[in-house]
Structures are given as structure tokens and as C-alpha cells.
Amino acid sequence: MATRSETPSPADTTGQTQHAEQLMHLLELLASDATVADIAAADAPADARDLALRITSAREVHQHREAGLAALLDTARELATASDPGSVLDAIVRRARRLVGTDLAYLTLYDPEAGDTYMRATDGSVSAAFQSVRLALGAGLGGLVASTRKPYWTADYWSDERFRHTEAINSAVGEEGIIAICGTPLIVESEFVGVLFAANRSSRPFTREEVGLLGNLATLAAVTLVQTRALADAENALEALSDAHETVRQYAEGVEKAAAAHDRFASLVLGGGGVDDITHALGELLGGWAVLVDENGHRHSAAGPAPEHDAEGPDPFAELNALPGLGTGRLVERDGVYAVSVTAARERLGTIYVGGLGTLSDSEQRTVERAGVVTALVLLFERQAADARQSARNRLVSDLVSARGSRDERLTLARTVGFDPQKPFCLLVLRGDETGGHRALLISASAATGESALVGSHDGDVIALVPGTDADSLARSSAALIGRRTTVTVAGVGPISDVDAITEAHEEGSRTVGALIALGHKGKGAAATQLGFAGLIVGSDPDVHEYVRKLLGPVLDYDERRGTDLVGTLAAYFAAGGSPRHAAGSLHVHVNTVSQRLERITALLGETWQQPDHALELQIALRLRALQAPG
């Protein structure tokens, strides 16, 4: 039996075509990466649309994962190039905010000493209080993450009762305006590092994929941070090792320089060098200038362009000398100038100043201090030798003043020290201020009178026998020079050219220096001839006979040799008020005779005998002679 084939009706054909077109439209949407919303709105059979929605959702999940992995790779590259822990933390929070898509991201670090976490880096934060908040373990969402070392997240922090809200945390979070928070711990090999947060200022849920992505970023960040810290620690250790090496090198160099300086100073001393040689060696070793000033303020030696010190002007080292640490033997500094005291047996013998060097290294400072010690030893030896020489000179001066021994013995002893009493010289008597010290006065007198003078002490006074003929000038200049440091009164007698006349000159000088002090001229200098009768009046042991002989000696000697009476004529002349005619009347001689006698007196006493000062002295001498006992 034959069968008849069924042909689709037009309605069926139209439905199939429409179904095919719907399926094709869904395929085109899938091919064009349409969104879930586009797929859901498509006009297609329900089962086909559901399948397309599942495919789209799966695709979006894969795309998100791929984007997250790509972002993690980019983050890893960025973190790998960071060498500073601070820049690593900034990169972490910046990436976290971008990957999760939140309003802000921030990171806290664990403080093992305080037992809490503190805010270290933020991105998108606007609150200063929030940026400085500290989270105790267990407090707030972050404290819970830190204490449990597990991630926590919430769409609404304020209504979430899982977290212990504190006033400090609530205040900071509220000021920042945060509502939704996700936090995940930073852990490396069981070491808790900190917490990484992503937060929003509006309510929003966090998907498990976002939490996982933030966790992956936290893990990567923790590893990078620990590595960066280790690298920084290694660099710090290397830098510290380099610094230590440099310190050792500088120390070794300093030891070498100190040894060289010690050898230099030692060779100078052993070779007979003095403090001048040590000062110049110090200047050469340091490359600057050096000055040695002794205990009396005298510049002993200098090396290089040292500051000049005019005794009349200010002391350039006054501020350094006022520093309390100078007397300890350690180096002191003021305005680039260094000073160290030269001390021996607790006595300050002087001060060394150095400058023109900038800042001294430790070895250079030790070199200056070593120079101070060596200089003190040399000065001490020189002082002992000088004291021995001065002691011998004191004995010689005392022998000369006291006329001990024969004339020839005294002449020989004086010439052995380079002084010739048979050449014109003046005798100075120096009486110093008690606070100045006798030894210091001896040193100052030697410096003031020069190497050719013979200086010593006798009966508490300093005696100086100085080549020259102007006693007044020598006395004044010596008083002025020594007076810059201490008060001294100086009397001069001379010129003298006989060793036997020293005793008499000393007696006159002693009377003169006493007269100067009694007349209020303490600290001054003058010759005995400048005081005249005042010296006789104020002297402690006035020698009337010597005073008369000093003024009238030539006339008295003439009368004695010739049998004349020029002294009587001189007395009559003064008694007559300087009138030759009235004097002739009192002498009962012719006025021409008086005139001739006065001319002879002028020849014997000099042209100035009639001047007021000289005439007064002559009249006093005539009066004293008249009052003297016969013989």
C-alpha cells in the first residue's frame, strides 16, 4: 500500500525560521562579548537564553580572573623594581584600590613592641586622624584580622556586630566616611607583617573573588615587603661595614700620623731642639699656623701666618683663654682656632695655639696635645737650666754689689758671663709688685734689658747692670716694657765704668727707687739724677755727705788743691740774691774778683748751675754742708 509524504505547513516553516533567527542572535551576542543584561533582554527561547546567560557569566568570571592575574603580574613587576620599603607600601595600596575598585585602600604594619598595628600607607584617604590611627589587636575589623590572621569583610561596618567598636577607631573611620571594609592579613612564613584593606564610602558587598584577589595581592605584597626589608637591612649592614672599614682606615691613618708626629718631636728633643723647633714642626705637620705663648704672655715662637699680638692692643686669644677647659691639658676650640695648655707639675708654663686648618681630625687633635706635652717637658728642662744659670748670676750680682772678694776676682767672674765692668754701664734697681713674683720679674728684666746685661737679685730687689750711658732712658724704657705685664718701679744710676763703684751705685739706686715709690711714681722709671734733693729727703737712709759731694764735689776739690774759697763765693752769691756786686761787698773783694770766681765755678759745675732747679740743689747742698759737723 503506498504511503503519502507529509509536507510542513507554512506556519511550521515560519516558526522554525524565527527560532533559528533567535538562536543566531544569541550566538552573535555571545560572539560580541555582550553583557549579562543584554543576554537576559534577548528575545529567545528560555532554555537557550539560560544557557547563554551561564556561558556569559562563566566568561565574565574567567575575564575577571584573567584581569586579576594580569594585574597581579603587573603588581609583581612594579614591586620587583622597588628598593625602598616606603615605595613598596605606596605601590601596594595604590594597586589594591585599583584592582578591587574601592574609594580608598590602606595598609597597617605590626608593631611588636607596642603589640598593635599602625597606619603606614594610604591611597584615597582624606582624614588626618584616620591616617594616624593605631589598631589594638582584636579591636575593629583590622584588629580582628590582625589577631586571627584571617580575612574579614563587611558591606556595612557600622551595623556589623562581629567587630569590637572602640571610640578611637569609630572616630577615625567616621571622619573618613567609610562604610564597607575588606581586610586581609600580610603573612610570610607564619610571620605576621600587617593588614591590607580596601574600603568604600558607600555600602557595597565584597565578592569572594575580590577577597581572594586582595588576599593574593596581600601575599605578594608581604613577600615583597619582607624581601625589600631584607635588602634594605643588607644594604644598611653593607653601609655600616663600609663605615666601619672607613673608621678603621682613618684610625690606622691617624695612628700612623700620630706615630710620625711622635717620632718627629722625639728626634727634635733628642737632637737638642727647643720649643721653637717643636712649634715649627707642629705647623708643618698640620699645614697651618702655630704659636707658643709662655706663662708671662710673651710670644715664645710662631710658625706660619699666625695672628699678630700687639702688647698695646687686644689679645687675639682672649676668648680662648677664658674657656674653662683650657687648663685641663685637653684641646679647646673657638671660631676655628684651637688651644692646649702647656702644663708640667700642675703649673701652666704656656699655651699652644693653632689655626688656619678648618676642623681638626682626632689624630690631629692628639698631635696638638702631644706637642703640648713635649713642649712642657722641654720648657721644664729649659727652666731648670735657666734657674741654675740665674742662681749663678744672682750670686755674681750679689758679690759685685757687696764687693765680696778682690777686685780682680770680681772682674774675672763678671767677664766669664760676658759682662765687662770696665766699659760704661748703668745700674738699674727694679722693685716689682708683690703679686707679680720675683722669678717672673727676673725673667722680664732679662728680656727688657737684653742679652748683654747682667741681671740678678740682691736684698729682694732685681739688679740689672746694663751697658750704656743714659741711666734715665734705660730706667724709663725698662719700666715701660715690663709694665705691660706687671707693675715695676725702676731707678737708674750711671754711667759707671769701675767695678768698685757698683756698691755705691746700688745704694743710690735703692734710695732712688724708694723715693719714686714714696713720691707716688710707682710703676715708673727715672735716674737718680732726676730726683735731686727729693731722693735725699725720702730715702730710708739719707747720705748727706754723698749728696753734698755729688753737687759740690768739683768745687770742693778745686778749693782743696788751690787753697781757694770758691765754695764761700758761691754761698755769698746765692745769699746776695744772685748779685755779684752785693756778694763782693759781703766778701770784701772787688766785684771783678767775684766775676772771675763765678766764671771758674761755671767751668767746674757746667753752664746750667744758675738755672732754677740746679741752683736750688746747689743751695740745699751748701746749707747741708754748713750744718755738717766739722771733719
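Student: Which helix holds both Asp472 and Arg476, and how many residues apart are they?

Tutor: Both lie in helix H14 (residues 471–482), four residues apart, about one turn of the helix. Helices here are DSSP runs of H or I, at least four residues, and strands are runs of E, at least two, numbered from the N terminus. An α-helix has 3.6 residues a turn, so residues three or four places apart point the same way.

Student: What should I know about the model and its numbering?

Tutor: The model is predicted: local features need pLDDT of at least 70 and side-chain atom pairs pLDDT 80 or more, while totals for chains, interfaces and linings use all residues. Residues are numbered from 1 along each chain as its sequence is written, and side-chain values use heavy atoms, without hydrogens and water.

Student: What makes Asp472 and Arg476 a salt bridge?

Tutor: The term asks for a side-chain nitrogen of Lys or Arg within 4 Å of a carboxyl oxygen of Asp or Glu. The closest N and O atoms of Asp472 and Arg476 are 2.8 Å apart, so the pair qualifies.

Student: Why is Asp472 called buried?

Tutor: Buried means under 20% relative accessible area, exposed over 50%, partly exposed in between (1.4 Å probe, protein chains only). Asp472 has 15%, so Asp472 is buried. Arg476 has 44%, so Arg476 is partly exposed.

Student: What does the pair Arg431 and Asp461 tie together?

Tutor: Their side chains meet in a salt bridge (2.8 Å, N to O). Arg431 lies in strand S12 (residues 425–432) and Asp461 in strand S14 (residues 461–467), so the pair ties together parts that are 30 residues apart in sequence. Asp461 counts as buried at 7% relative accessibility, whereas Arg431 is partly exposed at 28%.

Student: How do you know that the length of helix H9 agrees with its residue count?

Tutor: The expected span is 1.5 Å times one less than the number of residues. Helix H9 (residues 275–286) has 12 residues, so H9 should span 16 Å. Its end C-alpha atoms are 17 Å apart, which agrees. Gly287 follows H9, with a positive phi near 85°.
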